[in-house]
Amino acid sequence: IEKMLKPTGRVVGIIKRNWRPYCGMLSKSGIKESRRHLFTPADKRIPRIRIETRQASTLEGRRIIVAIDGWPRNSRYPNGHFVKNLGDVGEKETETEVLLLEHDVPHQPFSQAVLSFLPKMPWSITEKDMKNREDLRHLCVCSVDPPGCTDIDDALHCRELENGNLEVGVHIADVSHFIRPGNALDQESARRGTTVYLCEKRIDMVPELLSSNLCSLRSNVDRLAFSCIWEMNHNAEILKTRFTKSVINSKASLTYAEAQMRIDSATMNDDITTSLRGLNKLAKILKKRRIEKGALTLSSPEVRFHMDSETHDPIDLQTKELRETNSMVEEFMLLANISVAKKIHEEFSEHALLRKHPAPPPSNYEILVKAAKSKNLEIKTDTAKSLADSLDRAESPLFPYLNTLLRILATRCMMQAVYFCSGMDNDFHHYGLASPIYTHFTSPIRRYADIIVHRLLAVAIGADSTYPELTDKHKLADICKNLNFRHKMAQYAQRASVAFHTQLFFKSKGIVSEEAYILFVRKNAIVVLIPKYGLEGTVFFEEKDKPKPRLIYDDEIPSLKVEDTVFHIFDKIKVKIMLDSSNLQHQKIRMSLVEPQIPGISISTDNSNMDLNEPERKKMKLKK
């Protein structure tokens, strides 16, 4: 009984309402000619809202926005009013709009007031711009990014010095040169906090003139940059670090694949290729050293959609492949971020904007430890280093995918990394990177945190002037709070976008059967991962209107016995995937068990027209 007792309470007063406009759908009243209807919000946590409207028949089957006016004490539902019609449910534009509104992502076009602070075109570098700036246009700088990237934040160079050491430079777009503190452009970028990447759309933090042109470090044009330059020996040990505002001229914008091809080529020996090889060699040493210190290499199945060029519908889904060059760029970005974090904290111990990643409480790891134990493997979690080492050792020759599954599970145990102000906190440690201090410096086009860090660094090296808010730790703490909220919402919006595109994909694909691995067992269900699609879903064993099977759940192992079949974490099974459109507003991917076969539960896959979607199946029936 002790276990079942839960603390309870009741609301005695409401200090401040947290109401906002809600997206959802109208549930039309059954009474003819009625003007009063119920509105069902997309967010299941929000109650239905009673509204009055004469256009119910035109609003049926559409996504609409409703605002709450009040909630009388004696009423079951709050009262509200119709605000806007967003469009037909299920339409890509409509659903994207809903997704942005529901995650509070600012996405209106930039106002004239904001755009008025952009530089006038045609733009070129002036004498004034060169003040406190080094001319590095002679260096063989290049950028390496995903294909189709237009907002290029960073570029790199590596060359041998006369003394035999190496000079390595990370050059970052000098966004803070164009966005001056306190003006409308700065306020809007601060409000947005981050660029949001959806499956087919990018919601920019700064106007396109900056993000894709003047700040983007494209090849063969002069661009303003903020450079972090190290002198290193061939063992990737830093001998000197310096920071300077600069002007660069990138010699090539490469994709990860192109850079890899140059590094591996037997015939290419030009300056760019030599520079890339030097960077790659150092990056491998840096990575090895970082991992030895206890940095975690975790895994999450990232998905890419291949779009039809005309309809823009997803036609294929595949998990992203990572190349050595992805890792090369990442190593130098991490190194630059750590170097800058140390510098701004030395200069401004009370008001440096830093990023920390708290260590998870031991209880977070229970599921990971139990899951590994069920496969006779030991995962140690007392430090990041012991976790990283035991994950490296957790291999099974008969089950190569097991290690990836363990890393995916370990990712779920982690805490969220957050921005904070150094004067308001004393724990700076970044658990995942095993670094005592960290910040974000390398992506100012798409993260506002980096703009603040650029301003701090510029003041530290005497390249720019300070302003009152920059040295006010309470103001900085407020900025961090907004940034943490915006980053979290951007992440959720991205996931929702992937989920929606996954639904579109299975809508056109029909029903498919795929291999899956169990990630979690629950009291009446199993959560599975389908590696082919990087897709996660739940197989329920208790369904409405069906006889309930015998279920025995064991929290210790963990396992779930369904009739006479026992399921453990990481078991390989086969599931059927289909789109359930029974609830228009909450369409979802449904998964059912195919193998192992359990009478009354498993679904057979011998229906020959299984890959057809609903209309085509109906056609087949008619033909018969």
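Tutor: Gladly; the model is a predicted one, and we will take its labels one at a time.

Student: What makes I248 buried rather than exposed?

Tutor: I248 has a relative accessible area of 1%. Buried means under 20%, so I248 is called buried. I248 sits in strand β13, which covers residues 238-249. Leaving out neighbours within four places in sequence, its contacts include L136, V141, H171, L217 and D222.

Student: And why is N220 called exposed?

Tutor: The relative accessible area of N220 is 55%. The label needs a value over 50%, so N220 counts as exposed. N220 lies in the loop between α6 (208-214) and β12 (222-232). Its phi is positive, about 60°, although N220 is not a glycine.

Student: What about N376, buried or exposed?

Tutor: N376 is exposed, because its relative accessibility is 75% and the cut-off is over 50%. This residue also has a positive phi of about 60° without being a glycine. Its place is the loop between α10 (366-373) and α11 (384-393).

Student: Which peptide bonds are cis, then?

Tutor: One joins M121 and P122, with omega about -5°. Another runs from E595 to P596, with omega near 0°. P122 is in the loop between α3 (112-115) and β6 (134-135), while P596 is in the loop between β26 (588-595) and α15 (614-623).

Student: How do you know that C421 is in no disulfide?

Tutor: The nearest cysteine sulfur, that of C480, is 6.3 Å away. A disulfide needs the two sulfur atoms within 2.5 Å, so C421 is in no disulfide. The structure holds zero disulfides. C421 is also buried, with a relative accessible area of 3%.

Student: What makes W123 and F178 a tilted aromatic pair?

Tutor: Their ring centres are 5.6 Å apart and the planes make an angle of 55°. Centres within 6.5 Å make a pair; planes under 30 degrees apart are stacked and those over 60 are edge-to-face, so an angle of 55° falls among the rest, called tilted. W123 lies in the loop between α3 and β6 and F178 in helix α4, so the pair ties together parts that are 55 residues apart in sequence.

Student: Why is the pair of F226 and F441 called edge-to-face?

Tutor: The angle between these planes is 70°, with 5.8 Å centre to centre. That angle is over 60 degrees and the distance is within 6.5 Å, so the pair is edge-to-face. F226 is in strand β12 and F441 in the loop between β18 (418-421) and α13 (448-460), so the pair ties together parts that are 215 residues apart in sequence. F226 is buried at 0% relative accessible area, and F441 is buried at 0% as well.

Student: How do you know that the charged end of R355 is close enough to sit over the ring of Y419?

Tutor: The charged end of R355 is 4.5 Å from the ring centre of Y419. The limit is 6 Å, along with a position within 35 degrees of the ring normal. R355 is listed as sitting over that ring. Likewise, the charged end of K356 sits over the ring of F420, 5.5 Å from its centre.

How values were computed. Residues are numbered from 1 along each chain as its sequence is written. This is a predicted model: local features need pLDDT of at least 70, side-chain atom pairs count only at pLDDT 80 or more; totals for chains, interfaces and linings use all residues. Side-chain values use heavy atoms; hydrogens and water are left out. Helices (H or I, at least four residues) and strands (E, at least two) are DSSP runs, numbered from the N terminus. Buried means under 20% relative accessible area, exposed over 50%, partly exposed in between (1.4 Å probe, protein chains only). Contact means heavy atoms within 4.5 Å. Rings of Phe, Tyr and Trp (its six-membered ring) pair if their centres lie within 6.5 Å; planes under 30 degrees apart count as stacked, over 60 as edge-to-face and the rest as tilted.
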